[in-house]
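Biologist: I have a model open and a few things to ask about it. Can we go through them one by one?
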Amino acid sequence: MREDVTGVGPDPRERPRDDRVGVGVAGPANSAQLVVPRLPDRLVERPRLGRLVDVRTGPPVTLLAAPAGWGKTTLLAVAARQAAENAPVGWVSLRPGDDDRFWSHLHTVLPTSGGHRAPPPGRAPQRDHLARLAAALAGRPAPTVLVLDDLHHIRDAGVLHGLVFLLRHTAGRLRLLLSTRSTPELPLHRWRVTGELTELGPAELAFTPAETAQLVAAHGLAAPRDDLDRLQHRSEGWPAAVRLAVLALRDGTGPSVTTGIDQRLADYLLDEFRAQTPAGLRDVLLRASLLDRISAGPLQALTGRTDGDRLLRKLARAGGCLSPATGRPATYRFHPLLPEVLRAELGRRAPEEIPRLHRRVAHWYAAQGQPVPALRHALAAGDRDHATALLLRHWPAFALGGGLARPTPAPPPAPPPGTLPDDPELALAYAADRHARLDPDSAEGYLRIAERHARLLTGAHRTRLTVMATAFRLAGAHRRGDTARIRALATRLIALTGREDLGADELPSADTARAIALTASGDVRLAGGEFPAAEIGLLAGFAAAERGGLPLWRRACLGRLAFLRAVRGELSGAERAARGAIGGGPDGDRPLPCAAYAHLALCLVALERDRLDDAEAQLSLAAGGPDAGAGPTLPAWAAAVRALLLQARGDQVGALEAIRAGRRERGDWRPPRYLAQWCAAVEAELLIACGETGEAQRILAPLVAGDATPPALLAVPLARSYLHDGDPHAAIRLLPAWAEDARLPLPLRLAAGLLESVAAHHMDDQRRVHAALGRLRDLAEPEGFRSVFTRAAPQAREPLAARLDALGGYARVDAAASGGTTGPVASPGADGPGAVPGEPLTDRELTVLRYLQSILSNVEIAAELRLSVNTIKTHVRSIYRKLDTSRRREAVRRARELRLI
């Protein structure tokens with residue numbers, strides 16, 4: 001599959017005079033609308049798109065929907081030429097006003113049986129005309145491909161209905177390739193459901209980094225990797241923007257998209273803005289360019305209109321300037337290159353209006369309880385009083401850093417020269433804004449200005465500024481993962497809470513400062529494995545946040561406390577704390593701010609209880625939370641948990657890649673001791689499962705060097721590696737005192753106990769096997785652990801299965817330990833040990849069969865599975881019939897013989 005190197009056609013200065021050729025049944029020689037455009041000379045290979053638009057193998061309708069400049073026409077031209085090798089192709093490049101000429105165009109380019117062409121029916125063809133055309137196409141020996149470029153020019157719904165009629169009545173002999181800038185009035189939803197539609201939008205049409213690099217190379221340029229990354233990031237792969245940026249680089253005519261907006265690109269963007277936006281709505285979008293994310297409320301504040309929702313939906317459907325973004329209420333965004341150009345245009349047309357617009361939307365955000373964007377717009381408006389008032393009232397929210405807002409490309413203008421030395425609080429407001437934008441260098445610069453001129457404030461107000469500046473620095477250290485700095489700043493902030501002047505109504509309360517300090521220090525202690533100290537600190541931080549009326553910090557503390565408990569294996573306590581942190585759950589499809597640790601805790605709980613779908617859902621919420629990128633600690637935990645989930649899914653390769661990707665993303669940052677051990681242990685276990693015990697030991701060696709006894713967290717994978725290599729005695733010698741040491745995290749104790757039982761089995765020490773499995777049952781039952789048994793290594797299942805009857809009393813262990821099949825079993829009459837004399841057991845019957853191994857009654861099994869007792873009895877009778885037994889014990893014995901459990 002080949003497309004032009006620009007994705008939007010060749011450089012106009014290089015376009016050949018005659019750039020169109022006919023394919024299939026061409027139209028009149030002088031009708032450029034009815035022939036396939038000629039391909040440019042320089043092309044970039046894009047096989048991924050070729051596979052998606054291949055009419056020979058794809059569904060009957062392919063729709064390319066994107067604004068101008070996304071390479072739709074070129075992609076269709078390539079696909080049409082490929083299709084013409086095996087089928088007739090009709091091409092129509094539609095233009096404004098083609099509603100009247102549409103059917104004439106189709107009768108010109110479409111073949112009919114025997115070469116006969118039906119007369120053009122005009123704008124509104126009769127049903128019999130359409131039926132004759134459909135019958136002629138249906139009679140063709142091979143499907144006909146019809147390409148309609150720029151379908152958005154067709155405004156007559158009757159024309160589109162006629163097109164749908166043709167598709168439906170041609171017996172599969174018509175294939176449509178469509179391009180459009182706006183959503184057409186076609187039955188897209190029905191086609192999606194029936195699998196008749198391939199859709200490509202900007203996400204698919206965008207240049208990949210590799211294609212961008214090919215384009216740069218095709219122009220004879222050698223760009224550094226960092227420049228290519230910036231070009232890809234700012235352009236989002238928009239082919240037109242990439243092309244124009246490359247031309248600017250080639251010609252050396254000015255800034256490129258990597259550093260600014262080239263004039264040619266600015267002119268192109270403005271031309272498209274004017275072409276695709278009705279004149280009456282241009283002013284609306286110019287004002288909307290002041291917003292980072294556009295929703296009805298702030299848009300109405302900017303424009304004074306009351307139809308924001310309807311207006312945004314209309315603009316998004318038009319397929320021009322706006323596209324939907326995630327979140328609720330409905331939110332939209334510009335392409336990242338467009339706001340800069342539109343703001344410049346607004347500044348050219350009405351510069352005096354911009355501060356007033358910023359002030360208006362700042363007050364709207366403040367009234368909605370959204371201080372971060374409110375401060376941003378207050379600073380942009382130059383409204384010193386409103387900006388400092390927002391800072392003083394909401395500074396704890398800004399100390400969350402990225403917890404409430406994501407970074408945006410355009411900071412507010414810098415303050416006028418000489419303003420900040422006379423106003424340290426305004427300097428602190430700028431620091432808070434840059435901090436929330438994840439711009440630590442700028443934030444630090446403003447913090448220094450604020451502290452350098454703090455002498456201008458009175459004693460109590462100077463203390464307030466010191467507390468806020470320390471909190472911002474603490475949050476910055478947390479984002480960098482600077483453990484030593486976090487501890488020092490948290491200690492300093494707690495010390496400041498003892499100041500006598502930190503109690504007046506207009507000053508930060510001691511509880512506010514303590515909540516911030518204890519949350520950060522608790523995070524560090526958790527990652528360092530200092531569980532008792534971390535728990536005490538987080539509980540104290542939670543109480544301080546409650547007293548200080550800080551719901552976000554309350555959630556942050558409670559979420560970390562939930563995750564700590566999940567790591568320790570206190571699953572019930574972790575679940576209660578996590579549910580308390582997130583309350584009723586996410587806000588629609590948008591994760592709650594500061595709830596990532598709570599969702600990660602619920603993910604671990606679901607993993608340990610072998611509820612993999614629940615675990616995956618919670619991990620997705622943890623990764624998507626607004627505080628997920630606030631520092632490197634949380635992503636490191638999340639990478640290890642993701643690896644555990646993929647391992648539970650049976651994807652060992654994906655799990656290894658997940659943990660290694662997490663290590664690469666950390667770069668030079670060194671995690672605290674316990675977190676580093678945890679990640680290394682997960683990676684080592686994955687390597688051992690793949691048979692790479694030497695590589696596992698190599699990873700663990702630096703972390704155990706100098707220790708007489710390996711840390712318990714690392715001793716277990718080391719012992720597993722020795723057992724895998726055939727040395728059960730060495731494995732047992734390495735294991736910690738898991739049966740007695742309650743200080744060890746419970747998941748670690750269970751893993752060590754299971755490993756000991758397997759090693760003892762290999763040593764033929766059946767007494768030790770029985771004792772270990774009995775202790776495992778006692779440890780696992782109270783918290784509902786299940787995964788340690790269901791995901792036990794194959795060599796562990798034999799001793800587990802041999803002791804099932806002796807264990808008894810814990811259905812989660814008994815039903816899971818054998819690791820039986822999870823789907824319908826072998827068909828009747830199959831040969832081999834898994835053959836079943838009769839009908840195969842269903843998934844539900846297999847589940848009930850595993851519970852029959854335990855001592856639970858039918859009533860208790862019904863409670864475990866949340867089914868009625870009558871349903872359980874029905875399943876049991878069916879199991880007896882299919883296994884040709886009449887009693888529970890006989891059914892279990894027969895199932896084991898057949899290796900169903």
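This is a predicted model: local features need pLDDT of at least 70, side-chain atom pairs count only at pLDDT 80 or more; totals for chains, interfaces and linings use all residues.

Biologist: What volume does the second largest cavity have?

Modeller: About 50 Å³.

Biologist: And how many cavities of 30 Å³ or more are there?

Modeller: The count is 4.

Biologist: Switching to rings. How many aromatic pairs does the structure hold?

Modeller: There are 9 aromatic pairs. One of them is Phe 531 with Tyr 674, with ring centres 5.0 Å apart.

Biologist: Why is the pair of Phe 531 and Tyr 674 called edge-to-face?

Modeller: Their planes stand at 75 degrees, so the pair is edge-to-face; the cut-off for that class is over 60.

Biologist: Where in the chain do Phe 531 and Tyr 674 sit?

Modeller: Phe 531 is in helix α24 (residues 531-548) and Tyr 674 is in helix α31 (residues 673-689). The two are 143 residues apart, and the pair links distant parts of the chain.

Biologist: Are Phe 531 and Tyr 674 buried or exposed?

Modeller: Both Phe 531 and Tyr 674 are buried. Another edge-to-face pair is Phe 563 with Trp 637, at 5.0 Å centre to centre and 75 degrees between the planes.

Biologist: Which helices hold Phe 563 and Trp 637?

Modeller: Phe 563 belongs to helix α25 (residues 551-568), and Trp 637 to helix α29 (residues 633-648), 74 residues apart. Phe 563 and Trp 637 are buried as well.

Biologist: Which residues do ring pairs link into a cluster?

Modeller: Phe 563, Tyr 597, Trp 637 and Trp 678.

Biologist: Now the sheet. In what order do the 5 strands run?

Modeller: The order is β6-β7-β8-β5-β9, in an open sheet with parallel pairing. β6 (89-93) and β9 (197-200) are at the edges with a single partner strand each, so one side of each has no neighbour in the sheet. On average, neighbouring strands are turned by 10 degrees against each other, direction ignored.

Biologist: How many bridges join β5 to β8?

Modeller: 5 bridges join β5 (residues 61-65) to β8 (residues 174-180).

Biologist: What is the bridge partner of Leu 64 in β8?

Modeller: Ser 179.

Terms used: Residues are numbered from 1 along each chain as its sequence is written. Side-chain values use heavy atoms; hydrogens and water are left out. On a 1 Å grid over the protein atoms alone, a cavity is a set of points where a 1.4 Å probe fits but cannot get out, and a pocket is an open set with protein on both sides within 12 Å along at least five of seven lines; lining residues have an atom within 4 Å of a point. Grid points are joined across faces, edges and corners, and a volume is the space filled by probe spheres set on the points. Rings of Phe, Tyr and Trp (its six-membered ring) pair if their centres lie within 6.5 Å; planes under 30 degrees apart count as stacked, over 60 as edge-to-face and the rest as tilted. Helices (H or I, at least four residues) and strands (E, at least two) are DSSP runs, numbered from the N terminus. Buried means under 20% relative accessible area, exposed over 50%, partly exposed in between (1.4 Å probe, protein chains only). Two strands pair if DSSP finds at least two bridges between them. Axes are lines fitted to C-alpha atoms, for helices over the stretch in contact, and angles run from 0 to 180 degrees between N-to-C directions.
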